[in-house]
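Hi,

Here is the model I promised, with its sequence. Please open it next to this email. My notes follow below.

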Amino acid sequence: MPFYAHSLKDRPETAWHLLADHLRAVGAGAGGSAARFGQESLARAAGLLHDSGKYSPEFQARLRGDVSKVDHATWGARVMSDMIRDRAGGLAGRLPGAQAVLYAVAGHHAGLADFEDQGQGGRGSLRERVEKKSLDDASAWKDEIAQPEPDESWRRLPPPRPGEAPDDRAGFRFAVMTRMVFSCLVEADYADTAAFHAAAEGREDPEAGFAPAPMAVLRGRVDGFIDGLAADAAARAAGQAGAERVVAARAGVLADCRAAASAGQGVFSLSVPTGGGKTLASLAYALAHAEAHGLDRVIIVIPYTSIIEQTAGVIRQALGADLADQVLEHHSAFDTEADLDRRNIPPEGRERWQGRDKLRRAMERWNRPIIVTTAVQFLESLFSDRPARCRKLQAIPRSVVILDEAHMMPRGLLRPTVAMLDELAANYRVTVVLATATQPVLVAPDDTAEVVDEYAQVFGLEGGFRAVREIVSDPSALHQRLARVRVQDAGRLDDAGVIARLQTTPQALAVVDTRLHARRLYEALAAAAPDGAFHLSALMTAAHRSRRLDEIRARLAAGGACRIISTTVIECGVDIDLPMVLRAAAGFDSIAQAAGRCNREGRLGQGGIVEVFTPADPADQPKRLAQALAAAATARTSMAEQGIADPLSPEAMRLYFDALFWQMLDRLDGANIMALHDSPWRLAIPFATIAALYRIIEDGMLPLIIPTTPEAEACVAALDAADPSALDRFGGAGGAARLLQRHVVTLPPRIRKMLVEASAAHVVGGERYGEQFMVLTNPSLYREDVGLVWEEPAFVAVEKLLF
């Protein structure tokens, strides 16, 4: 009797998916992916075993209409558990590869479980599952599939870092290896299932026809684009000494990046002051480095969702229209695949739901040579337990990862984050680039470490990187060449004082840390000097902010009055040039980011003015700033003792981050995630618990769509249409998500729920997409000048926590 993996409604069994074909295909696919990081044998075994439980008569009956629940995943895990017992005397530490396969097979639908029950994930512990007394007999799998045979790779973990003992971080290294094997399994399983259903339904495979361009071609296009921009900038700066100095400094950064690209893989820092051309120079480095070392892709990790599309757009412009499909931006606001995952919809159900959505499939797989994504999406996925989020992990080995604004790595999760990046560099052929204007010291304070920076020997980060190489030849000299502003202390200012300072010049910017403070200042400014008053915050959609920025740039270019009140949303990725910036007191890194909007092109020589003020109302300084402010105060004392005057200098930044890390020493891993990996012999890792604890945004902000253009309104209508083909003009649900990404404000779940309960928002396409697409239906709550406005006290209370 034939055994099947997947059935087809209203089709004869002869058209169904043969189970042996599926297992062999998944084994081959998973093994091929894992060969890129040396674990081909493990992933192939996981592929061969993952659905072996479907050989049970009970599961075959389910395919024919029996509604009884069948736990087919546990069978393959039991097979591997028996192998551990028989081959290694029950000691998983002697056969860690088999233990990794056990976790992956057991979790390929529900997710990676805790080894012991710790109350996370709602799926029971791995121990409970493999020790089940009763399990359907699926031993017929051995008649069609050869039993995997362990080889030497099954008996060893990826090696420790140079200078570490074999047991150091053994549990952590095992956990990363397990997630990578799990990712290869999930990717191969989903891909083979999708290909079967596509063929059975006469549809094109969603990824058919895509071919990655050679890195040499991508590098050549980007290099030509950058050189053209540099020539234009040089022509515009001619005759202006300050501007010429900035153009020359940017050229030096680019030359350093190109020169460093041939160096061996590892962890690098790119310490470039804001406005130094870091974004394109780092891309030039990454493409050349990937070409030199035969790497597969470049992954650009950005701290803010709001500038993903902007960055991807610039890269597409550089590559040209014919290579635009080589770039993928991963939109984390609309995570419909994760929604399916939470609802435990199986792969065949997902395939019918997703249809011909090419963009969505690419987002799941990250199979483009250039990926632009958020820090939340990238880092949380690396610690995830969920199949949907982990699927993309197999694409990360053999890549260059650029962490843009690396100083913004989550401080309460800094130790596990650094450990993860270091492990990727050490054992998965990942080159990590820490790109920022304010480089924190993240090297371990160890005399045996390869440390180029003498300060790292003094300060350092316990458990940090073992080696970080700087790309820029002389960061201190570069800072001097790009010095364009003077930082001054403006003392304590109330709102009237801030407005008065802004009115001393026709063009100025004030950056504050809460949305409520920004709105209050804007309304005061608009009343006092309405001509050229502008407001920017994350309560405005990205499309709305883009329109405002176009207006602002036009006014600045024309020399008109232009005074801006903004939250920190303006401090990352916004190319704007003003002679004066006011910044509410914050850490040195935040002040440096604000300063990057002042005299950006150097036309004023070193005459840009940055004034740092303390808000008169303590409520305007969120509690989250307390540690940064305390570190800044400590750093200023040290600066005075050492004769350092410039708080933006590399030397001052070292003092600041040393003070910050010192006072947070016991909170750089506040959830004790590293300690949860300390199980080197049993390798009993609580995967679900770790995933629940590694949260960059603890409340999990949710999107609210605000369609303010005809195209966005038409897209929302298509999502809500009964016929899914209405979305074809937008490229499916993934294309709709991409378009609507620019028409979204993100809110805490409780606030979005409150809007729904007030009939101010509702779900569109809920039957197909769950609650992913929520739309504002009360237009009076969205203002052209300030964006979303909601006056209920509960909303205001939560607003005070946001920036």
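K278 and E405 form a salt bridge, with 3.4 Å between the closest N and O atoms. Keep in mind that this is a predicted model. K278 belongs to helix α11, residues 278-293. E405 sits in the loop between β7 (399-404) and α18 (414-427). Is the pair buried or exposed? K278 is buried, at 8% relative accessible area. E405 is buried too, with a value of 8%.

The structure holds 36 salt bridges. Here are two others to look at.

R411 pairs with D589. The closest N and O atoms of R411 and D589 are 2.7 Å apart. This pair also links distant parts of the chain, 178 residues apart. R411 lies in the loop between β7 and α18, while D589 lies in helix α24, residues 588-595. R411 is partly exposed, with a relative accessible area of 23%. D589 is buried, at 5%.

R501 and E611 meet through their side chains, at 2.5 Å from N to O. R501 is in helix α21 (residues 495-502) and E611 is in strand β16 (residues 608-615). R501 is partly exposed at 27% relative accessibility, whereas E611 is buried at 7%.

There is also a network. Which residues does it link? Salt bridges connect R219, D223, D227, R258 and E291.

Now helix α9. It covers residues 215-237, 23 residues in total. From first C-alpha to last, α9 reaches 32 Å, close to the 33 Å expected at 1.5 Å a residue. Buried residues in α9 are M215, L218, V222, D223, F225, I226, A233 and A237. Note D223 in that list: it is buried and it is part of the salt-bridge network.

What covers the buried residues of α9? The cover includes helices α10 (241-260), α11 and α12 (308-319). It also includes strands β4 (297-302) and β6 (370-374). After α9 comes G239, with a positive phi near 90°.

When you go through the model, please start with the K278 and E405 salt bridge, then turn to the network that includes D223.

Best wishes

Key:
Residues are numbered from 1 along each chain as its sequence is written. This is a predicted model: local features need pLDDT of at least 70, side-chain atom pairs count only at pLDDT 80 or more; totals for chains, interfaces and linings use all residues. Side-chain values use heavy atoms; hydrogens and water are left out. A salt bridge is a side-chain nitrogen of Lys or Arg within 4 Å of a carboxyl oxygen of Asp or Glu. Helices (H or I, at least four residues) and strands (E, at least two) are DSSP runs, numbered from the N terminus. Buried means under 20% relative accessible area, exposed over 50%, partly exposed in between (1.4 Å probe, protein chains only). The expected span of a helix is 1.5 Å times one less than its number of residues. Contact means heavy atoms within 4.5 Å.
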